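Please walk me through this structure.

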Amino acid sequence: MFSASRANVRFSRVASSYAQRLTMSTLKEEAPKRTPRLRTLKRVVYGTALLGATYTGWSMYRNRNPAEQKAFDPSKKTLVLLGTGWGSTTMLKNLDTDHYNVVVVSPRNYFLFTPLLPSCTVGTIENRSIMEPVRLLMRHKSREVKFYEAECTDIDAERKELTLVRRVDSENSKGDRDPVKINYDYLVVGVGGTVNTFGTPGVEENACFLKEMGDARKIRRRLMDSIESAAFGDVSEAERDRLLHMVVVGGGPTGIEYAGELHDFLQDDLSQWYPELAKKIQITLIEALPNVLPAFDKKLIDYTQSTFKENQITILTRTMVKEVKEKSFIVQNPDGTRSDIPYGLLVWATGIKAQPVVDRIRAQFAQVQTNGRGLLVDEYLRVKGARDIWAVGDCALSGYAPLAQVASQQGKWLARRLNSLATQAARENKTDVDVFNLIEEKSRPFKYSSQGSLAYIGSEKAIADLPFFNRNITAGGVATFWFWKSAYVNELFSLRNSTLVVSDWVKRFFFGRDISRE
């Protein structure tokens, strides 16, 4: 009886277990097969990563292995681009060289991404990370593009002739500097502007500018010179205070961003390696107008000023610099009195004026070109009074502010219009087309579309004034700082530049900025 009972219990358990497994199997077969959401997400992520890696690899290969180019075609007209700034380089990037023989003339053989130039002055970003070789862009065009590393010193608009002076910086290249003359059929002037000192005595001799890469190197050297000199034990307190007083003249975006970068350098790096000196460093920003950043919204101006106050950056508004001496500068205060202020480093970031070659062009059309700040152009960017000459960027007075995004849009617009007119002429088998006049008949006038304004103000904070339909959105803070970073990475001219800039930011985060002096 006992054995039979145990056998019955064992049999019932086995039967129950088999029934449960059979029921579960039936339910699984009847239930629709569904891919878990997590598995789908993984597939999307893996697929996106694979596509991104493939595209990156293809871009790198294409960058290193450009296709063969067509030679100059004598039947095509010659288009000369003066300058390698925002307007000229954007035009070169978008111009179809199948229709023109293109020549680029500039004293520098690279494009400089100027919005990140203040970051180079303290080592946040390395210099070459924001420099894009022009020959890299030229080599990827369908037809050969010629480049002359030279400065255009004169233009004969009647004979369509340019006078170039070769640029020779190397001690081993003291060759022929005699002028070289080249001819053009069409000319695009995009030489930008030069620093405006407003005739202030001593600025060119004693101040540092912030417009070219050479300026950033000079600022970095002089900054470290002042700090290392102040580290000597036999330096008096008055002299040490002078050496550690850093001054920025100009309350526009360039001056604000440099002051912010300098503050970060002080807090993140100098405080670690020069703890005693870092406490004594003073940063002063001087602006002649009532407020800094006059083009920004009032709320952003107030936010910037409050951030600077928290960071112990002194702002002197309604204050004009009257003279810059070797170790001090004279200012006119709001009440009319004058003060002599000692300094160790003074960065002049106020504004721009016309290049000498622009003045020579204006002189040939003096009756029409009556504005000394640049070349007056019409709504199709044609230089008024001239024939077959356009102007883009800071040297063109088109009614818009001298901004990088204005110059970029002008270069893109002009390139597309010339491409369109040349393509239409080729379709109609026309060989001698007057593009200069036809552009008015076949094209809409250039119209600038503002993409907003951004500025970094230090302490990983930035401000943004962005258009949104018929109103503007203003923002400031840490989140805006990350938007500022992503926007600039996206605006860089190549994958190479973007990769280098991001890697510089990563290096700075882990290892800090380089404080060595060249």
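**A walk through the sheets and helices**

Val 80 has Leu 187 as its bridge partner in β8. This is a predicted model, in which local features need pLDDT of at least 70 and side-chain atom pairs count only at pLDDT 80 or more, while totals for chains, interfaces and linings use all residues. Residues are numbered from 1 along each chain as its sequence is written, and side-chain values use heavy atoms, leaving out hydrogens and water.

Helices (H or I, at least four residues) and strands (E, at least two) are DSSP runs, numbered from the N terminus. Two strands pair if DSSP finds at least two bridges between them. Strand β1 covers residues 77-82. It runs parallel to β8 (residues 186-189), and 4 bridges join the two. β1 also pairs with β2 (residues 100-106), again in the parallel sense, over 6 bridges. Here Val 80 stands opposite Val 103 of β2. Strand β1 is mostly covered, with 5 of its 6 residues buried; buried means under 20% relative accessible area, exposed over 50%, and partly exposed in between (1.4 Å probe, protein chains only).

Now widen the view. An open sheet of 7 strands has the order β7-β6-β5-β2-β1-β8-β20, and its pairing is mixed. β7 (180-183) and β20 (389-391) stand at the edges with a single partner strand each, so one side of each has no neighbour in the sheet. From one strand to the next, the twist averages 40°. Axes are lines fitted to C-alpha atoms, for helices over the stretch in contact, and angles run from 0 to 180 degrees between N-to-C directions.

Within this sheet, β5 (residues 145-156) and β6 (residues 161-166) pair in the antiparallel sense over 6 bridges. Glu 151 has Val 165 as its bridge partner in β6. Helix α12 (residues 356-364) packs on the sheet and touches β5 and β8. Contact means heavy atoms within 4.5 Å. The direction of α12 makes about 50° with that of β5. Helix α14 packs on the sheet too, touching β2, β8 and β20. Its direction makes about 60° with that of β20.

The loop between β5 and β6 holds Lys 160. This residue has a positive phi of about 55°, although it is not a glycine. At 22% relative accessibility, Lys 160 counts as partly exposed. Leu 381 lies in the loop between β19 (375-376) and β20. Its phi is positive as well, at about 65°, and it is not a glycine. Leu 381 counts as buried, at 1% relative accessibility.

Return to α14 (residues 435-442). Its axis and that of α13 (residues 404-427) come within 10 Å and cross at roughly 100°. The two helices are therefore roughly perpendicular, a term for angles of 65 to 115 degrees; under 35 counts as roughly parallel, over 145 as roughly antiparallel and the rest as oblique. Residues making the contact include Trp 413 and Leu 414 of α13 and Val 435 and Leu 438 of α14.

Finally, a separate heading: β14-β15-β16 is the order of an open sheet of 3 strands, with antiparallel pairing.
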